[in-house]
Amino acid sequence: MGLVFGILAALFYGAASVFQAIAAKRAPNSAIKAFLQPTFLVGLMLDGAGFVVQFLALRTLPIFVVQACLAASLAVTASRIWSAWPRP
């Protein structure tokens with residue numbers, strides 16, 4: 001079950017990064033406007049959910065296994081940014 005939690009944490013963290021990047025792209029001149037966008041707030045909620053699920057994974061798995069799972073969030077972020085980012 002811990003491995004499932006680790007993978008979920010990676011997915012949540014990766015998706016959170018994508019949502020926050022999209023919100024920042026929509027409000028390039030103002031950090032306050034970016035923070036107030038619903039897309040950014042969804043990203044923050046996913047960060048919180050990722051933290052909780054990561055904590056649950058750490059209760060049953062060694063830290064190096066959980067960290068290896070969380071490293072996969074980079075792949076999630078890269079793949080989602082590639083498909084979600086608007087092309088020029």
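Student: Helices are DSSP runs of H or I with at least four residues, strands are runs of E with at least two, and both are numbered from the N terminus. How many helices and strands are there in the protein?

Tutor: Five helices and zero strands, in the order α-α-α-α-α from the N terminus on. This is a predicted model, where local features need pLDDT of at least 70 and side-chain atom pairs count only at pLDDT 80 or more, while totals for chains, interfaces and linings use all residues. Residues are numbered from 1 along each chain as its sequence is written, and side-chain values use heavy atoms, with hydrogens and water left out.

Student: OK. Where is Gln54 found?

Tutor: In helix H3, residues 38–60.

Student: Buried or exposed?

Tutor: Gln54 counts as buried because its relative accessibility is 14%. The cut-offs are under 20% relative accessible area for buried and over 50% for exposed, with partly exposed in between (1.4 Å probe, protein chains only).

Student: What is Gln54 in contact with?

Tutor: Apart from neighbours within four places in sequence, Gln54 is in contact with Ala9, Tyr13, Val66, Gln67 and Leu70. Contact means heavy atoms within 4.5 Å.

Student: Val66 and Leu70 are on that list. Which residues of H4 are buried?

Tutor: In H4, residues 63–71, the buried ones are Val66, Cys69 and Leu70. They line one face of the helix, because seen down the axis they fall within an arc of 100°. The arc is that of the directions from the helix axis to the C-beta atoms. On the other side of H4, the exposed residues are Phe64, Ala68 and Ala71.

Student: And H1 against H4, at what angle do the axes cross?

Tutor: Roughly 35°, with the axes of H1 (residues 2–26) and H4 coming within 8 Å. Axes are lines fitted to C-alpha atoms, for helices over the stretch in contact, and angles run from 0 to 180 degrees between N-to-C directions. Leu3, Gly6, Ile7, Ala9, Ala10 and Tyr13 of H1 meet Val65, Cys69 and Leu70 of H4.

Student: Last one: what share of the protein is buried?

Tutor: Of its 88 residues, 32% count as buried.
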